[in-house]
Amino acid sequence: MSSAPIVSGPVRAVEVEALHKRFGDNEVLKGVSLNATEGEVVALIGSSGSGKSTLLRCINLLEIPDEGVVRIGGEQIAMKQGRHGNQPADARQVERIRQRCGMVFQSFNLWTHMTVLENIIEAPVHVLKQPKDQAIAKAEALLAKVGLSAKRDAYPSQMSGGQQQRAAIARMLAMEPKVMLFDEPTSALDPELVGEVLKVIRDLAIEGATMLIVTHEMAFAREVSHKVVFLHQGRIEEQGTPAEVFGNPSSERCRQFLSREGQR
Amino acid sequence: MLDLLRFGSDGWGDEIARGAGMTLAVAILAYLIGILAGSGVAAAKLSGPAPVRWLAAAYTTIVRGVPALLVIWLLFFGGSGLIGWVAGLFGYSGPVELSSFAVGVTAVGIVSAAYAAEVIRGAVTAVPKGQLEAARALGMGRFLILRRILVPQALRYALPGLGNVWQMTLKDTTLVSVVSLAELMRQAYLGMQSTRQPFLFYVTAAILYMIMTTCSEALFRALSRRAERGVRRAVNN
């Protein structure tokens, strides 16, 4: 938490209160509350099915929470009761929130019918209405930053997984998001490609980006995060600094999980 | 014998050419109806409320389940009967005759739409969810996603099938000859009747149909290549 600004208290970038999410009869999130201050890196860990990805996807409304409150940069996402349960009240607000909340997916999800450059400038040009030449100049700078200048005109299918994920990160950065959500960004990669993606994320953390990272890379979580949150069966079992959670977890389940992951 | 196909008052050349033009006009208009209405029906099937979904399913099942010829008869006679009845309500009792062009285009369009709807629905379902989620996560609105991501990607899967629907639509126009629309098949029949040269007229018509279908096949292939940018290259590398 050392890098969080202390002037007039830390600024809340993401606030989640008492979030519930059900898929049919299966309650995946059972009242989760979570905060991230500006510049904070939060690692979400837990076994598969613990609800960590669902939590992340509720923050930018890719999943609609059944109950609870989400605030991004202090702005609360308005919800209403619709015919199919809880629904966002204002689609425009959701779009605005998503523009400020970048997301990187496990399976990259670069648009396959566009080149890398076209992928990166798509949202800046069509959503933010930036002039095309300006968007291209920025995209080229971002490609240089993630080490992909040579792949500017390549299609996703012509690139390795690691390259695709770095391009997807560049696409997210082009929107200058206030909050970055990473949903298992290296889980679909061959082991030898994991490092190049983690390096890019690490650099962003050092620059002071606010990030929530769902990850199975325990060593990475320990190294880059300010706060580690351990989820188990839809609840937060344990949270604290990496030193606390990895060094001396108070929950038995967290201890078991970490020893399975070879971290203790 | 080929003199019979001369242009001018003593040959059938201009009649046949006009027939071919009429065939193309009916086919293109019906196909446009097919694509537009088919997209609507596909959208209704994919995300409409239950009664609309049910209607759309009934439409595609019935229209694909009965012969196209029946749809044409039904529209031509049933249609004029219906309009006559409505006109009767307003005190009009004269004869009602529908334009065979309008009926032909509508009937073939109705059939075309039923097949196009299935092709489009399948293609939209084939677009990976992640492609659309990435767009939503960047704050793109529904219409923007439709235009920039969903349609270009679905087109990849839809084009081969839509090419088939086009060929079918083109050939279905021959059925419209039964309501005396002067399209290619009708003109060939008239020429054959007045000259007693069936072989000449039907082979000529066959050649013209072949020219139309092979040209359009080449066009669809070119469109497919364009829609598959980013995919083909990887396969061919």
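Author: The contact takes 22 residues from chain A and 20 residues from chain B, where two residues are in contact if their C-beta atoms, placed from the backbone, lie within 7 Å. This is a predicted model, in which local features need pLDDT of at least 70 and side-chain atom pairs count only at pLDDT 80 or more, while totals for chains, interfaces and linings use all residues. Residues are numbered from 1 along each chain as its sequence is written, chains are lettered from A and ligands numbered from 1 in the order in which they are written.

On the side of chain B that touches chain A, the elements that give two or more residues are helix H5 (129–137), helix H6 (142–172) and helix H9 (232–236) of chain B. Helices (H or I, at least four residues) and strands (E, at least two) are DSSP runs, numbered from the N terminus. H5(B) gives the largest share of that side, six residues. By class, this side of chain B has five charged, six polar and nine nonpolar residues; Asp, Glu, Lys and Arg count as charged, Ala, Val, Leu, Ile, Met, Phe, Trp, Tyr, Cys and Pro as nonpolar, and the others, Gly among them, as polar.

Within chain A, strand S6 (residues 79–82) and strand S7 (residues 85–88) run antiparallel and are joined by four bridges; two strands pair if DSSP finds at least two bridges between them. S6(A) and S7(A) form a hairpin, with two residues between them. A:Pro88 in S7(A) stands opposite A:Met79.
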